[in-house]
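Hi,

Here is the structure I promised you. Have a look at it first, then read my notes below.

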Amino acid sequence: MTRAESVELFLDTASKNLSLLATKGGKYSRIDLGDPKKALERTNLGIDIVLSSLSSSLSDVSAFYCLLGPGSNTGIRLGLTIAKTVKGIDSTVSLYGIGTLELMLLKDGEKKAVLSDRNGDLYLAQEKDGKIEESKVKKEAVSSLEGPFLVEKEDLVAQKTLEGKEIVPVDLLSLMLERKKDFRDFSKTPKEYKPHYAFDL
């Protein structure tokens, strides 16, 4: 399919604030839809809004950038399904993905990143000897951890769990755009473009 000008679409459907961003010719449009549980049904509307503000439509999107998790399981599946559906219609569309915690660890050279689950326990990732180690930490055991911790800016549960410790807020959607070259290319292996919880950790 021939496009007048390439459009890239970034979908943060994994975090506590469902956000979308489209870029075209150096311009970008962003929308924050809020709590994924309340906003998932508005995702397609949000996509239409960010694309139309750039005088574009879904058929103009040449690449999708999605978070693979951990995070909102329903949100992650939705984001990947949208991208793979468009890829199924137009095989020239590119698919890019990265783990949520892996992305967070790319910010400012920090070495620990956390996301909360619904119980207030934390998914923790840290870099050791050039490798990323992920684990789950019960909230009762958080007191033994030392920061600073990268925390998604809308993840109020994680912030409360880490109260009294050094926290660095992260805007995931902005970080996705900033570090897009660090995403893995799944364009030739769309069957592997799946949620992080489907991978072996």
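Before the details, two terms: strands here are DSSP runs of E with at least two residues, numbered from the N terminus, and two strands pair if DSSP finds at least two bridges between them. Bear in mind that this is a predicted model, where local features need pLDDT of at least 70, side-chain atom pairs count only at pLDDT 80 or more, and totals for chains, interfaces and linings use all residues. Residues are numbered from 1 along each chain as its sequence is written, and side-chain values use heavy atoms, with hydrogens and water left out.

Now the sheet. It is open and mixed, with five strands in the order β8-β7-β6-β9-β10. β8 (131–137) and β10 (167–170) are at the edges with a single partner strand each, so one side of each has no neighbour in the sheet. β7 (residues 122–128) runs antiparallel to β8, and seven bridges join them. One to look up: Tyr123 has Lys136 in β8 as its bridge partner.

A cavity is a set of points on a 1 Å grid over the protein atoms alone where a 1.4 Å probe fits but cannot get out; a pocket is an open set with protein on both sides within 12 Å along at least five of seven lines; lining residues have an atom within 4 Å of a point. The largest pocket has 29 lining residues, with Gly71, Ser72, Asn73, Ser116 and Asp117 nearest its centre. The lining of the largest cavity includes Asp12, Arg30 and Glu152.

Cheers

Technical notes
Helix = DSSP H or I, 4+ residues; strand = E, 2+ residues; numbered from the N terminus.
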